[in-house]
Protein chains: 2
Amino acid sequence: MKPVNIGIIGFGTIGTGAVRILQKDSTLLERKSGRPLLLKSVAELNFTQKDGIDSSKFIVTDDALQIINDPEIDIIIELIGGVNPAKSFIETALKNGKHVITANKELIAKHGAELFAIAKENSVNLNFEASTGGGIPIINAMTSSLAANSILKMYGILNGTTNYILTKMANEPVTFEAVLADAQKLGFAEADPSSDVDGHDIAYKLCILSSIAFNHFFDINDIYREGIRNISQRDIEIAKDYKMVIKMLAIAVADSESDDVELRVHPVMLPVTHPMASVNGSFNAVFVKGDNVDEAMFYGRGAGELPTASAVIGDTVEIARNIDSKRTSMALNFGTSHKNVVPMGEISSNFYLRFSVVDKPGVLAEISKIFGNNDVSIKMVKQAETGEDTAELNIMTHRVKEKKIQKAVEEIKMLKTVNELSSLLRMSL
Amino acid sequence: MKPVNIGIIGFGTIGTGAVRILQKDSTLLERKSGRPLLLKSVAELNFTQKDGIDSSKFIVTDDALQIINDPEIDIIIELIGGVNPAKSFIETALKNGKHVITANKELIAKHGAELFAIAKENSVNLNFEASTGGGIPIINAMTSSLAANSILKMYGILNGTTNYILTKMANEPVTFEAVLADAQKLGFAEADPSSDVDGHDIAYKLCILSSIAFNHFFDINDIYREGIRNISQRDIEIAKDYKMVIKMLAIAVADSESDDVELRVHPVMLPVTHPMASVNGSFNAVFVKGDNVDEAMFYGRGAGELPTASAVIGDTVEIARNIDSKRTSMALNFGTSHKNVVPMGEISSNFYLRFSVVDKPGVLAEISKIFGNNDVSIKMVKQAETGEDTAELNIMTHRVKEKKIQKAVEEIKMLKTVNELSSLLRMSL
């Protein structure tokens, strides 16, 4: 059988993994694809030799266009990340009639609609399993296996760094800053951790998953986003008292009566019995509720050289198997509905709040009054002395709209008897 | 677009679910398939009207061959179960050039090789996602998403009835018999429960999963099988003491150095921290370890009208999307390797054993001696008085071959001081 020729752009972690799998598993891949997968070229600006890779078996170039314009190449795998120049590389490749596989979450989240249209026009595939959830085949599940479902809800643990930090903080009495510094030393976290700890990375992934699930290309800017920098040991301790854990989640909830969709990324207090509560360390998971399949969960490695490359090469096999049939991927048929993103203020949750207050009679009455005036109904209050003159007030509320709790909190913070709002966490999904 | 015509054989639980989804979700399915999915006919010997199904929209017949030989029908969905007459129905349909979808685990486990060959000869698909794990897309994951992996291990909770019984016994001080009787009353368990509680159902599913995972059609008779009838409250209590739970598992382990594969179905004591330990009630899950993806888990409803029909209609959409491309499913390309099933006696585990013994000095010495003679190394012993003259001996062993422990147990049972072996459970995976 004629081989399928492959060009890879980017020889970083995932690129190295992809080359490694193509080299070590060639027999398996040929059987699965129905033809040999031949790595012809790798483009990388600063190519360095890696252990276990035989670089004499492929062409190394620093010019990506040499691969993109090579008429012999059938499939381009883009693994450089970021919008530029990845976007123009992919556009040119698609227009040159090449199938493209990418792990680029930012690019698909921001410009997916445009790129899928170009792929469709040129009757080629644009696959992106590795962009979300690393080795977890969640994109394939959403586009293919769960095709007979309207998606009602999705919750994802989609970032290994934040899940590692929160797991570590739950197991040991360490601060966020200390765990982050450790993770940076070990190479699990970036020098600039903002993309992870402030939720940008998760928002891209949620944008991609929801766009497929709800058949509408969402704007990344419409996703509410809040990071984990403010999570303290005290919050984790209190969560434990209530048999709960704190997890950083991506959340999407569709209203079955309208076109409204909630999209948000923030930490949540979850009961320890929830299937997502035991997803620990650098593992990722996606929990899906469909109208027919009911609840399903997909769990695995969200990052790492081989797990992510497993998804990239899974896409490669899928394309190679169908390369003669001119069939284009199901993902290209989405984006035909219209959905509205619900403003964060309109979303209802149960809340957990922690205030530092002056330790004197009447404070709780003042706070309760403000909550009452804002229609916030209190479920539970616990007070603990924390210093000579200060007390800690832990409050859990019944379900209430975000805008009401925020307004109440603003008013409470103005009280002379209130030192600070130490914590505000959403408790329900 | 020309519609895809569908015929369904069997209007039981899953058949009703399939018809329900085809009727209520026709717009969604048309978008996903690229063309309308039209249910033309349903064959059922004893057709009875079901709530919410508009049976004026399709032909009802008691003659399956009328559908199988209908030249207008593109896809046959077989949902009657069992080997006969399902096998001849499917053979005829494939030879008539129709794509076939089935949820029939017994048929695929016993005659998959033969049926896939007929499908391949006739360039049609034979899809079977619903045969294993209900709504969980594990077949698609194994054949497609995880294509770039050699599978090293699989553990499955693949039977809702046994998982329901064991979960109930773990939560309440009830006997196996009482929970089974309850489950039968509620319709969760069959009047003849053997297929579930003795592990036959699970063995079919393990046979299917391993055949795909290891590229060799296994013989169902080569799978070691042990049910849950002997699990007692005392076993569950002791497991709890050791922070373990008892789960009924399907296990497949490949030896990376040879062609040997372990295949077995039996209850296992698992640490509560294992991802499978929190799969409760009627939920199913499959845990997979691949050489590249590392660990992954798939979780969801293993049975039920709509979850299982979700898998059937997912297969239908997949076939409908590709119906013009004459592409045949990846599952048809397996069975080209040769694997050996390791005899149960050669498999090593840690064991938990519980004996009822005569309460007098020297008993433990006698037992220990027999273990020692058989190379069984004891990790822990606990003794408890249970009656005037009897004691309970709980023993956990280090890793040892099954044949050695079985030989030791036979010898121990001959001792005059030993009343009975109350329990023997494997503890490691």
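Predicted model: local features only at pLDDT ≥ 70, side-chain atom pairs only at ≥ 80, totals over all residues.
I started just past helix H5 of chain A, where Ser123(A) takes a positive phi of about 50 degrees. Helices (H or I, at least four residues) and strands (E, at least two) are DSSP runs, numbered from the N terminus.

Residues are numbered from 1 along each chain as its sequence is written, and chains are lettered from A and ligands numbered from 1 in the order in which they are written.

Back to H5(A), residues 105-121. I get 22 Å from first C-alpha to last for its 17 residues, close to the 24 Å expected at 1.5 Å a residue (1.5 Å times one less than the number of residues). I also found a kink of about 85 degrees centred on His111(A); the bend is the angle between axes fitted to the seven residues ending there and the seven starting there.

Next I checked burial (20 or more other C-beta atoms within 10 Å of a residue's own, C-beta atoms being placed from the backbone). The buried residues of H5(A) include Leu107(A), Ile108(A), Leu115(A) and Phe116(A). Among what covers the buried residues are helix H4 (86-95) and helix H10 (200-214) of chain A, with contact meaning C-beta atoms, placed from the backbone, within 7 Å.

Then I moved to chain B. Six strands form an open parallel sheet there, ordered S3-S2-S1-S4-S5-S6; strands pair if DSSP finds at least two bridges between them. S3 (59-61) and S6 (126-127) of chain B are the edges, each pairing on one side only. S5(B), residues 99-102, and S6(B) share two bridges, and Val100(B) has Leu126(B) as its bridge partner.

Note on methods:
Buried ≥ 20, exposed ≤ 12 C-beta atoms within 10 Å, placed from the backbone. Contact = placed C-beta atoms within 7 Å.
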